[in-house]
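I opened my notebook to record what I looked up in this structure, entry by entry.

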Amino acid sequence: MFRFVITRIGLVIPTFIGITLLTFAMIRLVPGDPVELMVGERGLSAERHAEMLHELGLDRPLLVQYGEYIGGVLHGDLGRSIVTKRPVVTEFFTLFPATVELSVCALIFAVLVGLPVGIIAGVRRGSVFDHTVMSIALTGYSMPIFWWGLLLIIFFSGILGWTPVSGRLSLTYFFEPKTGFMLIDSLLDGEPGAFKSAVSHLVLPTVVLGTIPLAVIARQTRSAMLEVLGEDYVRTARAKGLTPWRVVAIHALRNALIPVITVIGLQVGVLFSGAVLTETIFSWPGIGKWLIDSISRRDYPSVQGGILLIATTVILVNLAVDLVYGLINPRIRHRR
Amino acid sequence: MTASAEAVKAPVARPSPLADFWHSFSENRGAVVGLFIFLLVCIVALTANWIAPHLPDEQYRDHLLAPPFWQAGGSLAFPLGTDAVGRDILARIMFGARYSLAIGLIVVTLSLTVGIALGLIAAYFRGATEIAIMRLMDILLALPSLLLAVVIVAILGPGLFNAMLAISVVYLPHLVRLARASAIIELSKDYVTASRVCGAGALRLMVIAVLPNCMAPLIVQATLSFSNAILDAAALGFLGMGAQPPTPEWGTMLAEAREFVLRAWWVVTFPGVAILVTVLALNIMGDGLRDALDPKLRRQ
């Protein structure tokens, strides 16, 4: 197991270095003068320009610049936002909990619905339920989620008036963020109604963001279930006279879950992509919206830092999934 | 030759590969429906000039935000209603089909060509070249797909062409991996050795001998990339980073319609339906193609 862990971590390092190269190169690839891009001012005087060039280290050899960039990254220094002048890291981690809260809720929603539905569809293969669920899953998989979000707003906020259109909390409530997670903060604050308001703001974004993972998980669970149900040990379990429920829940499910867990892990990237769209539709103050806003404001240090942090998060989560996969599936761990 | 001998001989004749493919493809009824819908979208795109009721950017100032014909205040002159500046939505969706199909086609062609080339190069040369290519693909894979596209557009600047370029880059890793993996398997087979013995050069060996045998999974992946490209281009258009207004691209139409979401449902609904139907048809077709082309990948 130790060797397995070390190999996997070893594989991650070159990818991380590659990502830093990419973000380092990015700001130099953008057309225009890098000093003006970094400082966010146009028409600098020649002296001021040279001064900034030196200050930003852009007059040194590329390799030295990259070394300094890496040094900064390893110390948690990703530069300052052009617009707010605050450190990019601070900006990112102020907004990160909002995205995490939304993503976690979306993933829980996708797993809670997708897993049982996939299992039943697999067990009752060819039934009306199976066909219906798989058609819905394919539709969900093909869904332009930004449009899906607008439709839900039309129906639930416009026609029924059940849910708010945007934001994380009704303006009538205010409290200092303690954890950054609105559900927890509103509970800690104890103001009646605050928690309910937080939940009602969260429902639609969760459904929108969870739709594609839900479809993927349901499809994957079904096909994993079908594969496992054809195995010899399932036949053995049935032959022993175990109840069908026990065969499915105890014998088949545990093995069917192995590929499903990988797929759930892979959804992290999908969730980040989806968060960009979902947060834009619902004006959710998370890093997806922040990144898009930063791009349209040409706040390149923020874009650069944000991309690096998101990529790092995705790499780390995928690494964790890989390790868990090795833990629950000895066949992977011992393969050379 | 006697009649009976002929009767015995007749069934031995193998069906043409195309007929064989159609036979297994048409077994999947959903896939045929998908193909039918996709062809319909193609026809609409090609004939939009003649069948669209209006020009896509003609503004009818007396009919701002007119509802579809079945609602009070709607008229058959604008079957699906008009948008905020009085443009006919049906016409815009019909012309929009051109953009979506062109996007799919260009993205798939670009990423398939480059992806196959890189995959074959990695499989042929192995060693440092392979490591360099595959590591680069790993880096691209580490970034969430839409985010990578957004970053590339941020570098290149917004616009339809740059968006297509960005999406092509995003789809590269999967195609490179597929091409490399199948090429490596093929390279160890006897016919490749035979071709080498006959003196085939690298280019001939890889393109004429190996490539045709690697195509099945690549075609399946290309179909799926086609539908994903339409979705991602619409998403970029929606974020303001793809096609720019007043282009009647479906995602861009949705972005323009966003502020009317609670006032005029039709402005928001129909472009999205167009995206969903096209993408869904392509995905169903992709499932059928996979079953027909690649028995190894056949669904359980």
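**Confidence.** Helices here are DSSP runs of H or I with at least four residues, strands are runs of E with at least two, and both are numbered from the N terminus. Chain B averages a pLDDT of 86, and 93% of the residues score at least 70. I also noted that the model scores ipTM 0.86 and pTM 0.86.

**Ground rules.** I kept in mind that this is a predicted model, in which local features need pLDDT of at least 70 and side-chain atom pairs count only at pLDDT 80 or more, while totals for chains, interfaces and linings use all residues. Residues are numbered from 1 along each chain as its sequence is written, and chains are lettered from A and ligands numbered from 1 in the order in which they are written.

**The two chains.** I looked up the elements and read 14 helices and zero strands for chain A, and 11 helices and zero strands for chain B. Along the principal axes, the C-alpha atoms of chain A fill a box of roughly 85 × 55 × 35 Å, and the C-alpha trace of chain B spans about 75 × 65 × 35 Å. Buried residues make up 37% of the 336 residues in chain A and 45% of the 300 residues in chain B; a residue is buried if 20 or more other C-beta atoms lie within 10 Å of its own, exposed if 12 or fewer, and partly exposed in between, with C-beta atoms placed from the backbone.

**The core.** Which residues have the most contacts inside the largest nonpolar core? They are Ala149(B), Val150(B) and Ile167(B), in a core of 162 residues. Helix H4 (residues 89-125) of chain B gives the most to this core, with 17 residues. A nonpolar core is a set of buried Ala, Val, Leu, Ile, Met, Phe, Trp, Tyr and Cys residues joined through C-beta atoms within 7 Å. I then followed Val150(B), which touches Val276(A), Ile295(A) and Met241(B) when residues up to four places away in sequence are not counted; two residues are in contact if their C-beta atoms, placed from the backbone, lie within 7 Å.

**Helix H6(B).** Val150(B) is among the buried residues of H6(B), a helix that covers residues 145-156. I noted that 10 of its 12 residues are buried, so by the cut-off above the helix is mostly covered. After H6(B) comes Gly157(B), whose phi is positive, near 100 degrees.

**Leu205(B).** Is Leu205(B) buried or partly exposed? Leu205(B) is partly exposed, because 19 other C-beta atoms lie within 10 Å. Leu205(B) lies in helix H9 (residues 202-238) of chain B, and its contacts, leaving aside neighbours within four places in sequence, include Val192(B), Ser195(B) and Ala200(B). The C-alpha atoms of Leu205(B) and Ser195(B), 10 residues apart along the chain, are separated by 6.9 Å.

**Where the chains meet.** My last entry concerns the contact, which takes 39 residues from chain A and 36 residues from chain B. The side of chain A that touches chain B divides into 28 nonpolar residues, 10 polar and one charged, where Ala, Val, Leu, Ile, Met, Phe, Trp, Tyr, Cys and Pro count as nonpolar, Asp, Glu, Lys and Arg as charged, and the others, Gly among them, as polar.

Key: Expected span 1.5 Å × (residues − 1). pLDDT = per-residue confidence, 0-100.
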